[in-house]
Amino acid sequence: MASPKPLNPESLYRRCDPGAFDFETTAELEPFTKSVGQDRALETLEFGTGIRSEGYNLFVLGPPGIGKHEVVEKFLRARAADEPTPADCVYINNFNNPNKPRLIELPAGRGERIRADLEQLVQELRSAIPATFEGEEYQSRLHELQQEFGQRQQEAFGEIQEEADKQDIALTQSQSGFTFAPRRNGEVLRLESYRALPEDERTEIERIIEQLQERLQQVIQQMPRWRKETQSRIRELNEEMALFAVGHLLDELRTNYHDCPRIVEHLEAIQKDVIENVEAFLSQEGHGRAPEQLLNRYLANVLVDNAQQQGAPVIYHDMPTHQHLVGRIEHHVQQGALLTDFRLIRAGVLQQANGGYLILDVRKLLMQPFAWESLKRALYSSQVKTESLEQLYSLMSTVTLDPEPVPLNVKVVLLGERLLYYLLSAYDPDFLELFKVQADFEEDVARSDESTRHYAGLIGTMARQENLLALDAGGVARVIEHASRLTDDSERLTAHNRAIFDLLREAHYWASTADSDRISTEHVQQAIDHQIYRASRVRELMERAIHRGTIMIDTQGAAVGRVNGLSVIQLGGYAFGRPTRITATARLGRGNMVDIEREAKLGGNIHSKGVMILSNFLASRYAQDRPLSLSASLAFEQSYGMVDGDSASVAEFCALISVLADAPLKQSLAVTGSVNQHGQVQAVGGVNEKIEGFFDICKEQGLDGKHGVLLPAANIPHLMLRHDIVAAVREGRFHVYPLTTVDEALTLMTGVEAGARGPDGQYPADSINHRVEQRLRDLADLARRAHDDNAEGAAQRKDNGDG
């Protein structure tokens, strides 16, 4: 079996040739308005916004920083511009039930107009009503009615007085009422004189007085009826005058809004209310001003004003609380009590986006109490009901309003990570009923000549958008190369616009510091280097510990059962590689493979799976016809945290085979890769960071041309290594070897041919595999002899006991 050849420098880094661009700087490029590589997402957005069936709201999937918000909002605004402008929403007083304000929908722009018209009406009523009732006509007619009532009283009392005078009876009035008394010669008789009269005369006088009292009583009893009739006529006069005062004002509004039946109905209700409450207008302490509380009921509250809106609205809200979604009802304090009315109803984003599109961040939405349920409730019912949480859950007894719901016709677009989409799909049965369209954004795009040109245009547009210096062709090429590194794939370009924006801003800073008029390759490289420098404190601490021998890593010589594995540490947005010593031991046993990390509960499930695959592969290859009489252990030395992943399984295999074959492993090499049950090496992640991490350690200790890294051949397209590593490979001071099988790894690591089974089913003598098979056969024989000796000893003990 031939040993794999090291990769050539061109395989380690895919350059972008600045000469392929036909511009000197990005200032020459036209603005790039397309979204690179997001065709699937854009077609989904086109479908999701075009279909108007119920439940076809959208969920846009993708990690943060990929530009979802910008792409979605740009698409929606372009589409919304050609759609009709939605109606205005206006709340008015419900005169029959003030706690249930009525909703009126008007063509865009007419909401503010009716508000202004009703406000003008109220202003005119403030002066028109007092002026009418203070006018000469009203005062004259009121005086006539009052005079008529007084005259009627006087005539009735006059008739009684006249009859009493004929009978020589006096009618007097005191604080206690009316009194009749006999009279002689114009003088009221004194009591002594009256008693001195003959009895017949006294009897006649008493009869006459009794008759007069009956007539007086009849008149007095009629007086409330006369007063009531007068008051009724005064009320009719007031209503007539009130109608006169407001009628011509309302007639003009009725004409202007004849095509809005609800407005005309409201105007009729205002007229009726003014007439019914006219006395309240007149009882304001003689100030001649109508009560504000009554007049405020005639106003309008414009909940949503689309007068300035061109097309359908597109709204993004970054704090989607319950009240911000469905609106709120404000209160004001009056004499220690919380009061409200229809004028204090405020719109939420659902009402504001009605007839258009509402964009929400799903993570922020789910973090707000009750907001998710409120959104689902509105979408299910196709209406927005404005109510507070206190009202919804009966937490307060304060009098509040129950306004008429707003009919809802809105497309909700949620932005979020894939994990949130899958969790909602799994645990919320309503989710897929309401959000039937998923627009999945690509995280990277294919790197081709066409996409590279598009990416260059995108870079130029980003720089222009941020008012940055233009990039020359070399600067653009370096950004594109870094875009491939961000994806860990030389054949792809990252779609994370935020990372590219940040790189351009920082490159602009370094170019400005150097007084350059453009961003060049060195400025982009300086920005990349400084990003790494800012985040590399922990990496430097670990490298220092290795150089000082605190963490034991050898890069020279060879050792049995010891191999340099490679791992990746992710700290925030920065990842770096770290070599780790992996050791193995083996002895006679019963086929147990001890994973020390798992036993110490420091190994994850995937790592444990890799060890189990390794154990089964070992048994199937070397012990098909005999028991695997082996007890082995594997450990990550000086590892005190969690270990997960199967990328160390090739290294673990090499360490274990080294022990069994007694074959030293080269410490100048490090290995990464996953192994399957057939001995094939599988791709792993983080290969660039792993190679760079081991290279830095070797460089510090001195490169001698023997150092290198073994990695799966499937990872070759993922290589975008640092320039200093590519240069070291080109100079022959460092090597990168591709692996397809574990046998290739054994050959490279030991310097001895691994060996393949011949036609006779045997491995070549002195090959690594032959040594392992022979060692396992010897262990099996030892186990069998030990078993036989134990069985013979047990039999002898039994015989002695029987004797």
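Predicted model: local features only at pLDDT ≥ 70, side-chain atom pairs only at ≥ 80, totals over all residues.
In what order do the 7 strands of the open sheet with mixed pairing stand? The order is E23-E24-E22-E21-E26-E29-E30.

Select 592-595 and 735-739, which are strands E23 and E30. These strands stand at the edges; each has a single partner strand, so one side of each is left without a neighbour in the sheet. From one strand to the next, the twist averages 30°.

Next, select residues 574-588 and 630-636. These are strands E22 and E24, and they pair in the antiparallel sense over 7 bridges. Within this pair, find Ile582, which stands opposite Phe636 in E24.

Residues 537-547 form helix H21, which lies across E21 (562-571) and E22 and runs at about 40° to E22. Residues 687-701 form helix H25, which also packs on the sheet. Helix H25 touches E21, E22, E26 (669-671), E29 (708-712) and E30, and its direction makes about 80° with that of E22.

**Second stop: the antiparallel sheet**

Move to the open sheet of 3 strands, ordered E3-E2-E7, where the pairing is antiparallel. Select 102-106 for E3 and 300-304 for E7: these are the edge strands, and each pairs on one side only. The twist here averages 30° from one strand to the next.

Select residues 88-92 to show E2, which pairs with E3 in the antiparallel sense over 5 bridges. Asp88 stands opposite Leu106 in E3.

Finally, select residues 261-276. This is helix H7, which lies across E2 and E3 and runs at about 135° to E3.

Methods
Residues numbered from 1 in each chain as written. Heavy atoms only, no water. Pairing = 2+ DSSP bridges. Helix = DSSP H or I, 4+ residues; strand = E, 2+ residues; numbered from the N terminus. Axes fitted to C-alpha atoms, helices over the stretch in contact; angles between N-to-C directions. Contact = heavy atoms within 4.5 Å.
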